[in-house]
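I opened this model to look up its aromatic rings and its open space. My notes follow in the order in which I looked.

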Amino acid sequence: YMSRIHVKICGITLPEQAVAISNLDVDALGFILYSKSPRYIDPGRIASITETLPPFTKTVGVFVDEPVASLADSMAESRLDIAQLSGNESEAYGRELTEAGINWIRSLRIRSSSDLEQISLYQNRYFLLDAWSKDAYGGTGQTFDWKMLEQIHNKKKIILAGGINAENVEQAIKDINPYGLDISSSVEKSPGVKSMELVRSLLGRIRNFQKTVSQNPA
């Protein structure tokens, strides 16, 4: 039996798209608080979006090597649920956030299987895995070799990111059976502006494929 796959649509910048997407079958919306990203959105604008969302839509703020105090301020101002750490944040940094009452997930950029060894350094169970790029911290639309993930201890929950699109999403679900999928550039018209049509069609594909697999287990 395959448990329901949680889907996060990341890189949201427009209030009306945030509301429209939250009314689809998604679990979380992601907002980029890294100022060098083309999808950057400031905490005040995020707050005006988060207060309009339905109660069961989780919201995630994506940070890159932000000082703990400044991350805590941004989280409070924007009223986000979870911080996603997408830079080089250490386990000690994560512990500081936990002590400050902030929920977080660690995002790792994977280039080779040795990058996966970092997973064992962290106490938390949820890891977002993205493709490595020298130019950007995520949102590149590139995939990495998912076969590497077979070595991960199944007590860790994987959220798969990096170039997931209509062509490869069924393969991703079949090969990895991830806890979640993180989708951004493959459903965009331009950075931060989603195509609602692409979002709907990719979500439909994910849900239909899961249904088929659940009804006809191998």
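Predicted model: local features only at pLDDT ≥ 70, side-chain atom pairs only at ≥ 80, totals over all residues.

**Aromatic rings**

Residues are numbered from 1 along each chain as its sequence is written, and side-chain values use heavy atoms, with hydrogens and water left out.

Searching the whole structure, I found three aromatic pairs. One of them, Trp104 with Tyr122, is edge-to-face, at 6.4 Å centre to centre and 65° between the planes. Both Trp104 and Tyr122 are buried, that is, under 20% relative accessible area, with exposed meaning over 50% and partly exposed in between (1.4 Å probe, protein chains only). The rings of Tyr126 and Tyr179 are also edge-to-face, because their centres are 5.0 Å apart and their planes are at 65°. I looked up their accessibility as well: Tyr126 is partly exposed at 28%, and Tyr179 is partly exposed at 29%.

**Pocket**

I then found Tyr126 and Tyr179 again among the five residues that lie nearest the centre of the largest pocket, together with Ile82, Ile105 and Ile159, in a lining of 28 residues. A pocket here is an open set of points on a 1 Å grid over the protein atoms alone, where a 1.4 Å probe fits, with protein on both sides within 12 Å along at least five of seven lines, and lining residues have an atom within 4 Å of a point.

Technical notes:
Phe/Tyr/Trp six-rings, centres within 6.5 Å; stacked < 30°, edge-to-face > 60°.
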